[in-house]
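Thanks for coming. I will go through the pockets and the core of one model, so please keep the structure on screen.

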Amino acid sequence: MAAAVAVQADAIRQEAGATTNHTNRVKWAKQAFIDPQAMANKMSWAILAANAASTLAQIQAATDASLLSAVAAAVDTFADGT
């Protein structure tokens, strides 16, 4: 999941300045680049909670694309400027 965090941080680095919550998202991306594993650890419960209806087998079989999507969906929860 750390790789998905780094990929999302890079996408945010390249996003338009007019993107909603952009300033906080860039702060989040900087922190994610410093330690993607720590950020992945912070985000893991939120991502699991968002997929609570999935079975363990479905979670374990998650594709790279679905993991990237889950990280992208959770970013604004963590991109709060702190």
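By class, how many nonpolar, polar and charged residues does the lining of the second largest pocket have? Bear in mind that this is a predicted model. The count is 6 nonpolar, 4 polar and 4 charged residues. That makes 14 lining residues, with Trp 28, Gln 31, Met 39, Lys 42 and Thr 82 nearest the centre of the pocket. Its volume is about 220 Å³. Helices H2 (22–34) and H3 each supply at least two residues of this lining, and H2 gives the most, with 5 residues.

Now the largest pocket, at about 280 Å³. The lining there has 7 nonpolar and 5 polar residues, and no charged ones. Three helices each supply at least two of its lining residues: H3 (36–50), H4 (56–60) and H5 (64–78). Among the residues that line this pocket are Met 1, Ile 47, Asn 51, Gln 58 and Leu 67.

In soluble globular proteins, nonpolar side chains tend to be buried together. Here the largest nonpolar core has 17 residues, and Val 5, Trp 28, Met 43, Val 71 and Val 75 touch the most other members. H1 (2–13), H2, H3 and H5 each supply at least two residues of this core, with H1 giving the most, 5 residues.

Take Met 43 as an example. Leaving out residues up to four places away in sequence, Met 43 touches Met 1, Val 5, Trp 28, Val 71, Ala 74, Val 75 and Phe 78.

Methods. Residues are numbered from 1 along each chain as its sequence is written. This is a predicted model: local features need pLDDT of at least 70, side-chain atom pairs count only at pLDDT 80 or more; totals for chains, interfaces and linings use all residues. Side-chain values use heavy atoms; hydrogens and water are left out. On a 1 Å grid over the protein atoms alone, a cavity is a set of points where a 1.4 Å probe fits but cannot get out, and a pocket is an open set with protein on both sides within 12 Å along at least five of seven lines; lining residues have an atom within 4 Å of a point. Grid points are joined across faces, edges and corners, and a volume is the space filled by probe spheres set on the points. Helices (H or I, at least four residues) and strands (E, at least two) are DSSP runs, numbered from the N terminus. Ala, Val, Leu, Ile, Met, Phe, Trp, Tyr, Cys and Pro count as nonpolar, Asp, Glu, Lys and Arg as charged, and the others, Gly among them, as polar. A nonpolar core is a set of buried Ala, Val, Leu, Ile, Met, Phe, Trp, Tyr and Cys residues joined through side-chain atoms within 4.5 Å. Buried means under 20% relative accessible area, exposed over 50%, partly exposed in between (1.4 Å probe, protein chains only). Contact means heavy atoms within 4.5 Å.
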